[in-house]
Amino acid sequence: MRSDNKPTKPSIIICTAVLQGYEYKLRELRAGMEEEGIPYSLQRVEGSDAVSLAYQGANTSELGVGVGISQNKICIHFKRLPPLKPLFTMDSAGTLDEWRHFGFNAARLVKGLPFKAMPGQGPVIDSEEADLYELVRKIVLKVLQESAEGQRE
């Protein structure tokens with residue numbers, strides 16, 4: 001993986017103004033991307049706002065995905081989203097597992113795959129999927145109830 005300012009192939013751009021103290025977390029972020037098979041490029045830039053850094057990275061990336069890291073926050077942005085509306089944000093004090101999941105999800109955005117839930121959270125689903133899930137749950141409960149009633153007769 002390249003780590004200079006001019007990526008030679010399409011990659012997720014990680015823009016960061018801070019690296020000191022984040023070496024282990026940054027390694028986990030990159031490992032998540034590597035495990036999903038998506039290349040990245042690390043750019044050290046001026047700035048202190050993770051959202052604007054991520055948006056800058058997304059607009060620089062040929063893949064349209066950027067990750068911004070500031071002293072207080074880590075952020076994933078997509079170039080088709082409004083500048084102040086990132087896809088995911090998290091306090092930079094997150095765990096190593098959370099940083100790896102951020103890497104997974106940045107890569108999955110590129111691949112068009114469903115996002116992985118952060119450690120300790122339920123699955124990441126949208127409202128349509130939630131409605132469908134609830135409908136299927138109700139049908140299964142009704143079938144189980146009817147089956148139990150049929151066995152009592």
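Colleague: Which residue lies over the face of phenylalanine 104?
Modeller: Lysine 116 does, at 3.8 Å from the ring centre (a charge counts as over a ring if NZ of Lys or CZ of Arg is within 6 Å of the centre and within 35 degrees of the ring normal). This is a predicted model, in which local features need pLDDT of at least 70 and side-chain atom pairs count only at pLDDT 80 or more, while totals for chains, interfaces and linings use all residues. Residues are numbered from 1 along each chain as its sequence is written, and side-chain values use heavy atoms, with hydrogens and water left out.

Colleague: And how many aromatic pairs are there?
Modeller: The count comes to 3 aromatic pairs, where rings of Phe, Tyr and Trp (its six-membered ring) pair if their centres lie within 6.5 Å, with planes under 30 degrees apart stacked, over 60 edge-to-face and the rest tilted. Phenylalanine 88 and phenylalanine 115 form an edge-to-face pair, because their planes stand at 90 degrees, with the ring centres 5.0 Å apart.

Colleague: Where do those two sit in the chain?
Modeller: Phenylalanine 88 belongs to strand β5 (residues 88–91), whereas phenylalanine 115 is in the loop between α3 (96–111) and α4 (127–152), so the pair ties together parts that are 27 residues apart in sequence. Helices (H or I, at least four residues) and strands (E, at least two) are DSSP runs, numbered from the N terminus.

Colleague: Which residues do ring pairs link into a cluster?
Modeller: Phe88, Phe102 and Phe115 are linked that way.

Colleague: New topic: which element gives the largest share of the largest nonpolar core?
Modeller: That core has 23 residues, and those with the most contacts inside it include Ile12, Leu29 and Val67; its largest share, 5 residues, comes from α3. Such a core joins buried Ala, Val, Leu, Ile, Met, Phe, Trp, Tyr and Cys residues through side-chain atoms within 4.5 Å.

Colleague: What does leucine 29 touch?
Modeller: Leaving aside neighbours within four places in sequence, leucine 29 is in contact (heavy atoms within 4.5 Å) with Ile14, Val67, Ile69, Ile74, Trp99, Arg100, Phe102 and Gly103.

Colleague: Is serine 11 buried or exposed?
Modeller: Serine 11, in the segment before β1, is buried at 3% relative accessibility (buried is under 20% relative accessible area, exposed over 50%, partly exposed in between, with a 1.4 Å probe and protein chains only). Not counting residues up to four places away in sequence, serine 11 touches Pro39, Tyr40, Ser41, Ser61, Glu62 and Leu63.
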